Amino acid sequence: MHEMSIAASMLEAVEAESARHQAHVRAVGVKIGELAGVDAESLRFCFETMVRDTELAPLSLEIEAIPWRNRCRRCARDFPVLDYRTACPHCGSTETDLAGGRELEFAYMEIDE
Amino acid sequence: MTRVPIARKVLNENDRLAAELRRGFETHGTLCVNLISSPGSGKTMLLERTLASFDPSRRVAVLTGDIQTDNDAQRLARYGFPVRQITTGGACHLDARMVAQALGDWQPDAFDLLLIENVGNLVCPSSYDLGEEARVVLFSVTEGEDKPLKYPATFHRADLVVLNKIDLLPYVPFRIDLAREYLRRVQPEIEIVEVSCTTGAGLDTWREWLDRRARTAERHLSQTAELRSPPA
């Protein structure tokens, strides 16, 4: 259950951003990759629990799930990895590298002006 | 309402500290290994067997993480190498700040090898970079062979998987061929070492891997030194 620590890191960032713009942050958007090892629903639960009764409320969390993608070393094409199939669906090569899915990143914040 | 784009990682602060630690390790040619597994897979036992096999002159140190107790540090201290316990007091993973604090007054150039035993957990440690050069994931034949499929985030980032307790294979319904297949499904080029910390089987291969990685870390150091002071 490290979603609590992650939610805490997110709130610190929201506080910093709120101070920088001297405005209330309404919503925070994050990208969570399939391979980030973070459960979106427990993150949401922790986040909402921590925000409640603080000056940051109301603050909504918008999560974008980023699917696992690999890129082929041979034909340089990108493809989604479904059911752990990492071989290239275009040329069949098994030499492919991670191209997306480890994200645990902020995307945006919505701020009252 | 205005939408402001923010392009930074959520664990920015941890990543910044981890990068600082990594620079320190690289500058001094120290190989830092982050050891991850579920509770009871044999991380401490693997470390005990590893330390017991080292020459006493070897410059090695251990950090061991647990939620409570310093039992592991006591077990590991018997081998004569510096050991420090990190007690997280509830946190299910180590983070870069805990590692930096635990290193404390240890001089960064005092060790060639730093072994970090993470808190027993196959999920949370995978999100936290500790500044390590190599991530080793342990898993044992008393667990399900589908662990890699259930915890892909952790196995996908492993530089090496140590499959432990192979001496118990005759007694458990664990299919090692399936375990290898699942590991390769998550990471097709994954390196696997099969060991038994009880009988000692496979431990030579594990130590060779460790020595090889330690030599690479030292080689980087000498190359960096040459770059800094080119021959006249």
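This is a predicted model: local features need pLDDT of at least 70, side-chain atom pairs count only at pLDDT 80 or more; totals for chains, interfaces and linings use all residues.
**Exercise 1. Find which residues of helix 1 of chain B are buried, and state how they are arranged about the helix axis.**

Solution. 
Step 1. Helix 1 of chain B spans residues 12-27, which is 16 residues. From first C-alpha to last it reaches 22 Å, close to the 22 Å expected at 1.5 Å a residue.
Step 2. A residue counts as buried if 20 or more other C-beta atoms lie within 10 Å of its own. In helix 1 of chain B, this holds for Asn14(B), Leu17(B), Ala18(B) and Leu21(B).
Step 3. Viewed down the axis of helix 1 of chain B, the buried residues fall within an arc of 100°, so they line one face of the helix.
Step 4. The buried residues of helix 1 of chain B pack against helix 4 (96-103) of chain B. On the other side of helix 1 of chain B, Arg16(B), Glu20(B) and Arg23(B) are exposed.
Step 5. After helix 1 of chain B comes Gly29(B), with a positive phi near 70°.

**Exercise 2. Repeat the analysis of burial for helix 2 of chain B.**

Solution. 
Step 1. In helix 2 (residues 43-53) of chain B, the buried residues are Lys43(B), Thr44(B), Leu46(B), Leu47(B), Thr50(B) and Leu51(B).
Step 2. Down the axis of helix 2 of chain B, these buried residues fall within an arc of 155°, so they line one face of the helix.

**Exercise 3. How many helices and strands does chain A have, and what is its overall extent?**

Solution. 
Step 1. Chain A has two helices and six strands. Their order from the N terminus is α-β-α-β-β-β-β-β.
Step 2. Along the principal axes, the C-alpha atoms of chain A fill a box of roughly 55 × 30 × 15 Å.
Step 3. Of the 113 residues in chain A, 30% count as buried.
Step 4. Take the contacts in chain A between residues at least 6 apart in sequence: 66% of these join residues at least 24 apart.

**Exercise 4. Which strands of chain A pair with strand 3 of chain A?**

Solution. 
Step 1. Strand 3 of chain A, residues 69-72, pairs with strand 4 (residues 78-80) of chain A in the antiparallel sense over three bridges. Within this pair, Arg71(A) has Asp78(A) as its bridge partner.
Step 2. The hairpin of strand 3 of chain A and strand 4 of chain A has five residues between the strands. In that hairpin, Ala76(A) takes a positive phi near 60°.
Step 3. Strand 3 of chain A also pairs with strand 5 (residues 96-100) of chain A, in the antiparallel sense over four bridges. Here the bridge partner of Cys72(A) is Thr96(A).
Step 4. In a regular strand, side chains alternate between the two faces of the sheet. For strand 3 of chain A, Asn70(A) and Cys72(A) form the covered face, and Arg69(A) and Arg71(A) the uncovered one.

**Exercise 5. Is Glu64(A) buried or partly exposed, and what does it touch?**

Solution. 
Step 1. Glu64(A) lies in strand 2 (residues 60-66) of chain A.
Step 2. There are 14 other C-beta atoms within 10 Å of Glu64(A), so this residue is partly exposed.
Step 3. Leaving aside residues up to four places away in sequence, Glu64(A) touches Gly29(A), Lys31(A) and Ala107(A).
Step 4. Lys31(A) is 33 residues from Glu64(A) in sequence, and 4.8 Å from it C-alpha to C-alpha.

**Exercise 6. Describe the side of chain A that touches chain B.**

Solution. 
Step 1. The contact involves 26 residues of chain A and 26 residues of chain B.
Step 2. On the side of chain A, helix 1 (3-21), strand 1 (25-33) and strand 6 (104-111) each supply at least two residues. The largest share, eight residues, comes from strand 6 of chain A.
Step 3. By type, the residues on this side of chain A are 14 nonpolar, six polar and six charged.
Step 4. Strand 6 of chain A pairs with strand 1 (residues 2-9) of chain B in the antiparallel sense, over six bridges. In this pairing Ile111(A) stands opposite Thr2(B).

Key:
Residues are numbered from 1 along each chain as its sequence is written. Chains are lettered from A and ligands numbered from 1 in the order in which they are written. Two residues are in contact if their C-beta atoms, placed from the backbone, lie within 7 Å. Ala, Val, Leu, Ile, Met, Phe, Trp, Tyr, Cys and Pro count as nonpolar, Asp, Glu, Lys and Arg as charged, and the others, Gly among them, as polar. Two strands pair if DSSP finds at least two bridges between them. A residue is buried if 20 or more other C-beta atoms lie within 10 Å of its own, exposed if 12 or fewer, and partly exposed in between; C-beta atoms are placed from the backbone. The expected span of a helix is 1.5 Å times one less than its number of residues. The arc is that of the directions from the helix axis to the C-beta atoms.
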